[in-house]
Amino acid sequence: MDFKTHLFVSILFLCSVCLHANTLQTYIVQLHPQGVTSSSFATKPSWHLSFLQQTISSEEDASSRLLYSYHSAMEGFAAQLSESELESLQMLPDVIAIRPDHRLQIHTTYSYKFLGLNTASSDGAWHKSAFGRGTIIGVLDTGVWPESPSFNDRGMPPVPRKWRGICQEGQNFNSSNCNKKLIGARFFTEGHRVASVSSYSPDAGHEYVSPRDSHGHGTHTSSTAGGASVGMASVFGNAAGVARGMAPGAHVAVYKVCWLNGCYSSDILAAMDVAIRDGVDILSLSLGGFPIPLFDDSIAIGSFRAVEHGISVVCAAGNGGPIQSSVANEAPWIATIGASTLDRRFPGIVQMGNGKYLYGESMYPGNHLMRAGKALELVYVTSENSGSEYCFKGSLPRAIVRGKIVVCDRGVNGRAEKGEVVKEAGGAAMILANTEINLEENSVDVHLLPATLIGFKESVHLKAYINSTRRPTARIVFGGTVIGKSRAPAVAQFSARGPSYSNPSILKPDVIAPGVNIIAAWPQNLGPTGLPEDSRRVNFTIMSGTSMACPHASGIAALLRSAHPKWSPAAIKSAVMTTAEVTDHSGKPIMDGDKPAGVFAIGAGHVNPERAIDPGLIYDITPEEYVTHLCSLGYTKSEILTITHRNISCREILQMNRGFNLNYPSISVTFKHGMRSKMIKRRVTNVGSPNSIYSLELMAPKEVKVKVKPQRLIFTDINQTLSYRVWFISRKRAGTAKMSFAQGQLTWVNSKNSLNRVKSPFSVTWK
C-alpha cells in the first residue's frame, strides 16, 4: 500500500472510530463564513447556538453543550455531541466541516529533530557546540518582531565583548527591545527611499521606519537560525511541539534591508558593511535575484569582504527551480543553499462525489483529525480574460460560487490571496490546483477558509470529474499533522538548480536544507497568511522557500563556529558539504520529483549537523586563493578590484600558481571541443584524530575514466595537510552533440572511524 492510500485508509478509519463512540464527544463545527442562515440572528453566538437547538432534544438546554463560539480564527463553534446528534448536524445547511477535538501529544516543530539534533545526546552537535553559544548570527531581511517568544533571552549568556553593534531606535522600536538573545537591530532605508521617490511613504501598508518587522519574513528566518526554545508552539494546533532555532544558544542581530517595494542593493551592501564592524560571525541572507556576474553582484562583493574578516556568509539559492542554471548567490566564498522537504505532512484530502479521493495538503483549520461536513457543489470558473481560473480579485461571480467549493489554479497571485477572493465572493471552500509548472510541489498555507492544495496529477483528475457530470460535488477531510509516513528529504520543486551561470567551474548549489512548510516565529501585527484581511493572530506560522532553507544552514554554521572558533568560513562550509547526505531517511537516493536527484539539484547533498561537527578532514581556502581563482576564470584587473578591493596583476599571480585549482570541496569539470582529459588538485587538512589513515572510495560515471593518486592519505598530526590529484579522462568526444552531463563522487574514509566519510561530488560537462 503506497503512502497516499495508507493515509486515506488511516484517516477514514480513525474518523469512523471517533464518530461511533457511545458517549458525548467534543467536536469543532465549521460553518460557512457567509452562512445563508446567519442573517436571521442578531449575534454570531445566537446563530451558532441555533444549530444545537435544531440537533439536540428540546428537553435539554442546548446552551449547556456549547463550549466556545469562534469568530476570528474560524467561523463556528465547539460543542459536545452524541453520534446521532453529529449525524443530524452534518445535514444542516452552512455546516462545512466537523472535526473531533483530540488531545494533542507533543511533537517538535520540527526541522531540528528531522536533522538529528537532540538535546538529550551528550556527544551530539548541540552539546559539542554549547547550542551555538557565543556566536553572533547577523540576519539581513525585513526586520524582527522583538516581542516574539523566540527572542526571549532567558538562560542566554552575556552579550559577547566583541560586539560593537547597536539597537537602533525608530518607529515602535526602542533600545529596550534588544536583550541577550536579540543583541542588535538596525534598519537601512536610503536605497529604497530614492528608488521609490515618486511614491515613497514608508508608513504605507503599516511599514515601520525602524527594525520592526511588518512583513514577517525576517522574524521567521531569524528565529529559524537562532531562535530560543519555545514550548507548546503550534499553528492553530497543527505541528504542535517545541520550537527551536538551529542554534538556540546563539545571539541574533537583525539588519532590516527589505521594505514594501523590495530589497535594494545599496541598502544590502550598507548593512553588510556595518555588520562586519559590529562583529557578527555569520551573515544570513534569505534574499537575492537572478544569477549575474560577480562584479555586478553587491552580495558577492560585500560577502567577499566579510569572508576576509572571518565571517561565514550563507545565502538562499533562489526559487527559480527547476529551471537549469537558475541558482543565484553563486560566488565560491558564499554557502549557497537549496531547499528540501520534511517528512511532516498536513493532509487535506478531497473526496469527490464519484467516491474517489485526491490527496492534498492544508494547515486549515485545526490540529486533529476532522470529519468533513456534507458534500458541497464543486465549481471551476473559466472565462476569457477575467482570470477566474486563477481566482483573481473580482473575477468570481457571486451567483456562481456562493456556498460552493471553488477550484483555483495556482499561479500569478498568492495562494492564500486566492482563498480570500473565494471567501469574499461567498465561496464556502477552495481547492487550490497545481498546474504543470508546479507539478506535485506542496507548499501549504494557513488559509482563511477551508482549503487544500492538490498536485498537478490530482488536478487533472479533479477537472476531468468536474467535466464528467452536471453537478459535481466534493468534501475535504482534514487530517491534522502526520509525521514519518513519507520519504524525505526530497528536493523542493522550486529550489534553484545549477550549473552555475557565471562560474560553471564551481558546483552550485552547495547543499540543500529544509525549506518546505517550515514553522517559525511570526509578528503580532499580521495574520498567519500575511494578508491585510486576516485578523487572526499567531506567534508562529508556516512558510516555504529557499529563504527558509538558508537560516537552517546559517544556524548550523553557528554551531560549527562555536565548536571550532578558529575555523575559517571555508573550513565551516567544507564540513557542512563533505558530511552532507545523498540518501533520504529510508536509505534510498534523495529524489527530485520522480527521479533521483542530481548534483545540480542537491550539490553535495542534504545537511547533517551531527556529522558536520566532526568532519575528519576539511578543504580550506584563503581569500588570496579566491583572487587567484578569479584570475584563472579570466576576470579583468578592474573587475577583480571591484569584487575584492585588491589591485593585483593576474599575469604575475597565474605565473606563480601554474595549474591552479580552487580547493573547493566539490569538483566541476568541463570538456570543451577537443579536450579529452583534465587534472584537478585538492588538499585536505586533518581536523580529527592524529595517526589517521583515509582510504579512497570512488564512484565514477561510465562516460569518464577517473584516476586518483594517492589512494591512501596517512596523517600523523592534527592540522596536517596532504594533497591528492584526480585525472578525468573522457570516453566520448566533446562538441559532437548538445551539452551533456555526468556525475560521480569520491570519498575519503577513515579506517578507524567509519563515521568520518569525507565526500566530494563531481560533475562532468561536455560542451
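Are Cys167 and Cys178 buried or exposed? Both Cys167 and Cys178 are buried, where buried denotes under 20% relative accessible area, exposed over 50%, and partly exposed in between (1.4 Å probe, protein chains only).

## Basis of the report

The structure is a predicted model, in which local features need pLDDT of at least 70 and side-chain atom pairs count only at pLDDT 80 or more, while totals for chains, interfaces and linings use all residues. Residues are numbered from 1 along each chain as its sequence is written, and side-chain values use heavy atoms, with hydrogens and water left out.

## Disulfide count and pairing

Four disulfides are found in a search of the whole structure, a disulfide being a pair of cysteine sulfur atoms within 2.5 Å. When the bonded cysteines of the protein are numbered in sequence order, the pairing reads 1-2, 3-4, 5-6, 7-8. Three of these links, among them Cys167 to Cys178, are described below.

## Cys167 and Cys178

The sulfur atoms of Cys167 and Cys178 are joined at 1.9 Å. This pair links distant parts of the chain, 11 residues apart: Cys167 and Cys178 are each in the loop between strand 5 (136–141) and strand 6 (182–187). Helices (H or I, at least four residues) and strands (E, at least two) are DSSP runs, numbered from the N terminus. The link of Cys167 and Cys178 is right-handed, with 85° about the S-S bond.

## Cys391 and Cys408

A disulfide is also formed by Cys391 and Cys408, with sulfur atoms 2.0 Å apart. Cys391 lies in the loop between strand 20 (376–379) and helix 10 (398–401), and Cys408 in strand 21 (residues 405–409), so the bond ties together parts that are 17 residues apart in sequence. Because the torsion about the S-S bond is about -85°, the disulfide of Cys391 and Cys408 is left-handed. Cys391 has a relative accessible area of 0% and is therefore buried; Cys408 is buried, with a relative accessible area of 0%.

## Cys631 and Cys650

In the disulfide of Cys631 and Cys650, the sulfur atoms are 2.1 Å apart. Cys631 belongs to helix 17 (residues 623–632) and Cys650 to helix 19 (residues 650–656), so the pair ties together parts 19 residues apart in sequence. The link of Cys631 and Cys650 is left-handed, with -80° about the S-S bond. Cys631 and Cys650 are buried.

## Cysteines without a bond

The closest cysteine sulfur to that of Cys315 is in Cys550, at 6.1 Å, which is too far for a bond. Cys550 is in no disulfide. Cys315 counts as buried because its relative accessibility is 0%, and Cys550 likewise counts as buried at 0% relative accessibility.
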